[in-house]
Amino acid sequence: MTIFAVEGGFPASVLSESVLRDYVDLLVRLVEGAGAVVIFLGAALAAVGFVRAAFRRHSHEEFVRVRLSLGRYLTLGLEFQLASDVLSTAIAPTFAEIGKLAAIAAIRTLLNYFLAKEIERERAEVEGKQNVSAVDGTHV
Amino acid sequence: MTLDDVLRSASLTVTALGVLSAGAVLARAREVRLPIAVLLDFLLAAGLLRLAVAPAPRALASAALIIIIRKIITFGFAHRTAAPAAVRPVPGFVGTTPGNARPHVPVTEERR
């Protein structure tokens, strides 16, 4: 195994902790950026949807539907951000960093849980109203 | 312009979009619950974007505060709107539950 014994050789330079930390930092920023892009995109699309629904005089359910799609985007963005939190734990952090990370991860996990529950409830509400209107023969 | 600056601008933009959307929903829906929920959703998105920047303790605290306020308001509205909810009868059927629903037969002259 002379390759690994070479000083300054390939494995030593690639797998040193500082280089690994740089790679992981880059990955964390990329994944976090992806989450931010998803959240921003969802918010922009939802804003367009709300304004369009308001101008076209759509029903209350249309607003709820747009809100549901915004919630889905937020959940997806949060998943990305949670993934970046998990990635951050790949390298040995300091105790202060662990505390901050734990607080952020806890907030994001709680948010994800409540958002998912809210989406589920709203969806059930919309589907219930659709079923009632289908039986009635009225358009919602 | 760094990534943090971009995220801060995005956060402000999302807040502005939230105010715009909530205004549009308020003008159309003429009720308070939905516009507030919409505004809080957008504020939450803005908070998440701010949290992606450098997670300062203040940003963390504000994000947590938004969640708590959001939950309180949602709970308050759910509590207020839960009371008048009633079982809606299915047309053509009489009975309060699906189990005891039976076809509604109109009383005609012959049956009398």
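**Close-up views of a predicted two-chain model**

**View 1. B:Gly18 sits in helix α1 of chain B.** This is a predicted model, in which local features need pLDDT of at least 70 and side-chain atom pairs count only at pLDDT 80 or more, while totals for chains, interfaces and linings use all residues. Residues are numbered from 1 along each chain as its sequence is written, and chains are lettered from A and ligands numbered from 1 in the order in which they are written. Helices here are DSSP runs of H or I with at least four residues, strands are runs of E with at least two, and both are numbered from the N terminus. B:Gly18 is buried, having 24 other C-beta atoms within 10 Å. For that label, a residue needs 20 or more other C-beta atoms within 10 Å of its own; 12 or fewer make it exposed, anything in between partly exposed, and the C-beta atoms are placed from the backbone. Leaving out residues up to four places away in sequence, B:Gly18 touches B:Leu39, B:Phe42, B:Leu43 and B:Ala46. Contact is taken as C-beta atoms, placed from the backbone, lying within 7 Å. From B:Gly18 to B:Ile69 the C-alpha distance is 16 Å, for 51 residues of sequence.

**View 2. Helix α1 of chain B runs from residue 3 to residue 29.** Its 27 residues reach 38 Å from first C-alpha to last, close to the 39 Å expected at 1.5 Å a residue. The expected span is 1.5 Å times one less than the number of residues. Look along α1(B) for its buried residues, among them B:Leu7, B:Val14, B:Leu17, B:Ala22, B:Val25 and B:Arg28. What do they pack against? The buried residues of α1(B) meet α3 and α4 of chain A, together with α2 of chain B. A helix has 3.6 residues a turn, so residues three or four places apart point the same way. After α1(B) comes B:Arg30, with a positive phi near 55°.

**View 3. Chain A meets chain B through 32 of its residues, which contact 31 residues of chain B.** On the chain A side, α3 (17–55), α4 (60–88) and α5 (95–136) each supply at least two residues. Which of the helices gives the most? That is α3(A), with 13 residues. Sorted by class, this side of chain A has 21 nonpolar, six polar and five charged residues. Nonpolar here covers Ala, Val, Leu, Ile, Met, Phe, Trp, Tyr, Cys and Pro; Asp, Glu, Lys and Arg are charged; the others, Gly among them, are polar.

**View 4. Helix α4(A) packs with α2(B), residues 33–52, at an angle of about 20° and with the axes 11 Å apart.** This makes α4(A) roughly parallel to α2(B). Angles under 35 degrees count as roughly parallel, over 145 as roughly antiparallel, 65 to 115 as roughly perpendicular and the rest as oblique. Axes are lines fitted to C-alpha atoms, for helices over the stretch in contact, with angles from 0 to 180 degrees between N-to-C directions. The residues that make the contact include A:Phe63, A:Arg67, A:Leu70 and A:Leu74 from α4(A), and B:Leu34, B:Val38, B:Asp41 and B:Leu48 from α2(B). By class, this contact has eleven nonpolar, three polar and two charged residues.

**View 5. Within chain A, the axes of α3(A) and α4(A) come within 8 Å and cross at roughly 175°.** The two helices, α3(A) and α4(A), are therefore roughly antiparallel to each other. Their contact has 21 nonpolar, eight polar and two charged residues. The 39 residues of α3(A) should span 57 Å at 1.5 Å a residue, and the end C-alpha atoms, 57 Å apart, agree with this. Just after α3(A), the phi of A:Arg57 is positive, about 55°.

**View 6. A:Phe95 is found in helix α5 of chain A.** Is A:Phe95 buried or exposed? A:Phe95 counts as exposed, with 7 C-beta neighbours inside 10 Å. A:Phe95 and A:Glu118 are 23 residues apart in sequence, with 34 Å between their C-alpha atoms.

**View 7. Chain A has five helices and zero strands, and chain B three helices and two strands.** Along the sequence, chain B follows the pattern α-α-α-β-β. Buried residues make up 21% of the 140 residues in chain A and 27% of the 112 residues in chain B.

Notes
Two residues are in contact if their C-beta atoms, placed from the backbone, lie within 7 Å.
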